[in-house]
Amino acid sequence: MVWNVFKRDAAAVVVQHTDDPHAPMIALDAVVKAYDTAAGPYHALKGVDVRIMRGEFVAVVGKSGSGKSTLMNMITGIDRPTSGEVRVAGTTITHLDENALAMWRGRNLGIIFQFFQLLPTLTVAENVMLPMDFCDIGDERDRRERAMQLLARMELREQADKLPAALSGGQQQRVAIARALANDPPLLMADEPTGNLDSRTADAIFRLFQELAAQGKTVVMVTHDSDLARRAGRAVTVADGQIVTPERMT
Amino acid sequence: MNFDIRQESSGVMNVRPRWRKIFRDVLSNRTRTILVVVSIAIGVFAFGTIFAGLIVVQRELRDAYVHTNPASGTITTTAFDDELVDAVAHIPAVAHAQGRRAVVARIQLGPATWQDTVLYVIPDDGVMNVNIVRPEQGVWPPARHTVLIERASLAKAQTTIGDTITIEVPGQTARRVHVAGTTHDLSLPPAVISGQVFGYVDADTMAWLGGTGTYNQVTFVVDGDRRDEAHIHRVAADVAAVVTRSGREVINTDVPSPPLQHPAEVILPTLMTILGMLGILVLVISTFLIINTISAILMQQTRQIGVMKSIGARADQIRAMYYVLAMSFGALALVIAIPASMLGSYGFERFIAGQLNVDITHFTMPPVVIVLEVLAAMAVPIVAATGPIRSVINRPAREALAGDTTAPIDENPIDKVIARIRGLSRPTRLALRNTFRRRGRLVRTLVALALGGAVFVSAMTLRASLFVTLDASIASQRYDVEVQFSRPYRAARVTPDVMAVPGVVTAESLLRDVIYPVHADGTTGEKITLRAMPADTTMFSPRMVEGRWLHPGDTNSIVLSTNITRKEPAYTVGRVVTLRIRDKDYPMQIVGYIEELQPPVSPALAYMTIDGYTAVAGGVGRTDTIRVSSVGHDAATHKALSGALEQALTTAGYDVRLIHSRTEDRIILADRFNLISVVLSLLSTLIAIVGALGLAGTMSMNVLERTREIGIMRAVGASDHAVRQVIVSEGVVIGVLAWVLGTIISIPMSMVMCYGIGINLLGTGLIWTYALYAVVIWLVVVVSLAVVASRLPARNAVQLTVREVLAYE
């Protein structure tokens with residue numbers, strides 16, 4: 001019924017939560033992802049095992065088509081594994097339905113995209129308020145206040161009431177980071193966040209991630225820039241659907 | 001609803017970001033919003049206008065009619081005065097009674113042109129209590145030697161208040177009478193339907209004109225339930241008994257069925273059904289267009305939906321957002337549609353009320369119509385949005401984030417056909433392929449445009465069929481001019497006199513009468529107009545529906561027009577029925593039914609052989625009607641011949657009641673079709689506009705989605721002309737496909753419309769005459785619309801630079 005769309009989804013989200021501070025923030029066990037293609041099944045991930053601890057800043061590197069974006073999609077629940085288990089922030093997300101996944105994402109992780117993906121008809125502040133709105137966090141005044149705080153932190157307070165199109169690429173990406181932080185998630189996932197920025201802006205964004213990691217956020221950044229990867233706390237290299245350098249520390 | 005609109009302390013309306021997004025989406029693409037809003041608004045407007053108009057007219061007609069205190073029954077007898085009226089009024093079950101006299105007369109319009117007229121005698125004090133005639137303008141009651149004209153027939157009488165007109169009661173001296181005013185008489189069929197002028201005079205004036213001033217009909221209103229037919233029939237029997245006891249014979253008892261229904265009201269349900277269906281069709285067509293637009297919006301916003309899902313939006317939240325978007329279009333449409341339909345229904349009501357001769361005393365938009373408009377305006381976009389919303393929301397987040405929702409272009413059979421066509425330029429080939437890329441959208445656009453075309457062609461076909469049926473009906477009357485006398489003459493005397501008039505080729509004499517069906521319980525039905533003519537007549541070529549035409553030697557056989565079945569449903573071919581002819585009842589066998597163009601309010605027609613008729617009614621060798629054929633059959637010949645006959649026969653001392661020609665009859669009948677023709681033309685125009693808006697919307701969506709593709713074409717050297725050619729050709733291909741489809745649909749659609757309207761309005765199916773000219777007109781219109789609708793997006797596309805186009809996301 002049409003009326004139902006205006007009701008809050010009452011279905012309980014079944015999550016298996018753990019508060020163990022020593023448990024990994026991200027745990028992938030034997031994750032396989034295969035796609036059906038005209039040429040037969042294509043294995044983007046071939047039995048991947050990954051552990052990422054709380055507060056880590058991890059760079060996922062690899063060439064185009066190596067499977068790094070698929071890996072990111074597994075962690076964010078944007079895509080589902082063909083087999084294996086994905087456990088993030090204490091929740092086994094593999095069996096959550098799309099709705100439950102969306103709610104879980106809203107509370108537990110912030111995603112930053114290569115092309116920023118700000119909603120063009122919302123102002124900068126409204127873009128930042130949107131995750132709080134969807135997750136019913138705080139009231140409207142609280143949301144605005146928090147959005148302004150986050151924008152101030154990103155040095156974008158003056159731009160709060162502008163539309164994204166009026167901002168530079170670097171500024172837009174900082175708005176996207178502010179949006180990712182809106183619900184104060186423990187985990188930030190960034191997919192090629194500097195891929196569309198000049199090197200100076202990319203460096204500034206990278207330093208921001210370092211600061212966030214230093215403040216206790218778990219940051220996972222997919223990049224093909226090996227220089228940036230080297231500066232992360234740890235780099236996980238994906239090649240041909242497999243993790244090839246899981247343990248190298250900087 | 002789940003959204004929270006609060007006032008901030010600053011006083012600025014504070015709306016959640018998700019709703020701000022939706023409202024800005026509505027406002028950001030104004031062209032798209034205008035197209036959708038206007039599409040819905042036109043649908044709701046057409047629907048609201050038609051329903052409000054018909055509801056108000058029906059309500060006003062009923063109210064106004066009831067206020068005239070319509071007669072529950074009328075008994076026709078021989079001459080009587082107020083004494084009998086008083087006796088009837090004293091019957092306990094009679095609330096009101098009144099005497100009436102109607103006299104057939106004619107008004108002179110030109111030297112040899114006369115207008116058929118009925119004069120009613122008004123009580124000297126002007127006080128009426130049954131079938132109350134309301135004074136409209138001028139003096140009431142009519143003074144001596146003056147006449148009041150019923151307002152709807154004033155134009156037919158070609159006069160105005162203050163004029164002096166010539167009135168002639170048959171067989172009497174024509175007299176100059178002053179037109180002292182107008183009346184409004186709702187008990188009579190509108191002049192446009194009857195083709196007659198109605199006048200009102202006092203008894204003295206009637207006597208001065210040579211007519212009979214005494215009453216011959218007593219009308220009465222029953223006490224108690226005025227809608228109870230059984231009760232009315234019982235009271236009518238009491239009234240008839242009083243009339244009989246007074247020494248007079250009851251010629252006919254007429255009890256209208258159903259009671260308290262204005263004669264013209266019978267056509268309203270049919271009008272309501274047909275126009276209502278067309279109104280709903282406009283809404284359906286606009287629904288297709290809204291599906292296209294909302295699908296396009298959702299497809300363009302698929303990536304945004306993916307982003308919203310990735311930042312925590314639940315499916316129900318996103319669904320609510322896009323339903324609100326859809327309803328915003330409906331709400332905006334209502335802002336236009338409600339006032340527009342108020343204005344539209346006002347005009348529509350005035351038009352129909354004018355045709356039915358009723359006043360709209362208080363114009364109010366029926367609340368039920370506003371409620372229906374709100375429901376329609378909200379329901380149409382919701383229904384239209386449900387499929388596209390479900391499809392996009394159910395898309396997994398990964399696919400939604402990928403954004404590109406265009407189905408992969410795989411080769412389909414149509415592509416193969418296009419590839420085989422030789423001589424097509426590359427851009428034309430591309431345009432043809434593009435047409436079939438979004439098949440769902442193409443189908444919806446085609447259906448909308450094709451339905452528009454089908455309704456247009458059907459409406460024109462209906463119009464053509466009405467007139468072809470009319471012409472066939474007129475053509476079945478093989479005479480050119482008919483002369484009706486006030487009394488019978490010897491045929492052997494009249495015929496040579498008529499034949500002596502220059503221009504007359506042949507003449508045939510017949511007799512007219514009024515007869516009544518007699519029911520098993522002794523009551524009589526509505527009057528039937530009888531024509532008694534030679535079985536081998538050369539002046540009438542009947543269109544038989546069932547049974548046979550009259551044979552020479554038929555005595556107790558009768559042929560009826562099909563509209564009798566509405567009044568006497570038990571009358572079937574082969575059945576022997578009782579008919580009252582000249583106050584005596586005779587068994588007659590129905591041997592056939594003929595098709596005759598008759599509005600439902602007109603009396604049924606009956607035909608007998610003249611020998612058969614005179615055998616029961618007398619008058620052997622006499623005639624009161626002569627039908628004449630002439631050398632020419634055009635209006636000018638008819639007019640000249642009518643004049644010549646009038647002059648010759650009047651000079652020869654005949655009491656001429658009426659002379660009318662086939663061309664005049666056609667004009668009177670054609671007038672009756674104006675209402676339906678005008679309304680259908682307006683609706684066709686509305687439907688064409690909605691179809692055009694749909695095509696414009698589709699083309700702008702197609703071009704917008706192919707912005708990048710257009711950039712690539714231009715980057716590899718396509719000229720502005722080539723880009724424009726691709727886009728405009730695509731529009732024209734859609735237009736032509738819609739034309740083909742619309743033409744096919746219009747054939748069964750117009751057949752159904754012709755049958756339904758014919759049966760309901762005229763009592764006979766129309767002669768279906770497909771309007772090929774309309775098919776050609778629609779092709780020109782649809783191709784022009786296609787060119788116009790695709791020129792704007794094409795112009796926008798060629799104005800973009802390659803850099804802008806390739807950067808389009």
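**Strand pairing and helix packing in the predicted model**

In strand β10 of chain B, H184(B) is the bridge partner of R134(B). The structure is a predicted model, in which local features require pLDDT of at least 70 and side-chain atom pairs count only at pLDDT 80 or more, while totals for chains, interfaces and linings use all residues. Residues are numbered from 1 along each chain as its sequence is written, and chains are lettered from A and ligands numbered from 1 in the order in which they are written.

The pair R134(B) and H184(B) belongs to the antiparallel pairing of β7 (residues 134-138) with β10 (residues 175-184) of chain B, which comprises 4 bridges. Strands are DSSP runs of E with at least two residues, and helices are runs of H or I with at least four residues, both numbered from the N terminus; two strands are taken to pair if DSSP finds at least two bridges between them. Strand β8 (residues 146-150) of chain B runs parallel to β10(B), to which 5 bridges join it, and V147(B) is placed opposite V179(B). Strand β9 (residues 164-168) of chain B is antiparallel to β10(B) over 4 bridges, with R175(B) as the bridge partner of I167(B). A hairpin is formed by β9(B) and β10(B), with 6 residues between the two strands; in the turn, G171(B) adopts a positive phi of about 80 degrees.

A further group of 4 strands in chain B forms an open antiparallel sheet in the order β4-β12-β3-β13. Strands β4 (94-100) and β13 (252-254) of chain B each have a single partner strand and stand at the edges, so one side of each lacks a neighbour in the sheet. On average, neighbouring strands of this sheet are turned by 25 degrees against each other, direction ignored. Within the sheet, β3 (residues 73-80) and β12 (residues 215-222) of chain B pair in the antiparallel sense through 5 bridges, and F80(B) stands opposite Y215(B).

Helix α3 (residues 82-89) of chain B packs on this sheet and touches β3, β4 and β12 of chain B, its direction making about 165 degrees with that of β4(B). Contact denotes C-beta atoms, placed from the backbone, that lie within 7 Å; axes are lines fitted to C-alpha atoms, for helices over the stretch in contact, with angles from 0 to 180 degrees between N-to-C directions. Helix α7 (residues 229-245) of chain B lies across β3, β4, β12 and β13 of chain B, at about 5 degrees to β3(B).

Chain A contains 7 helices and 10 strands. Of the contacts in chain A with a separation of 6 or more, 69% involve residues 24 or more positions apart.

Definitions and conventions. Contact = placed C-beta atoms within 7 Å.
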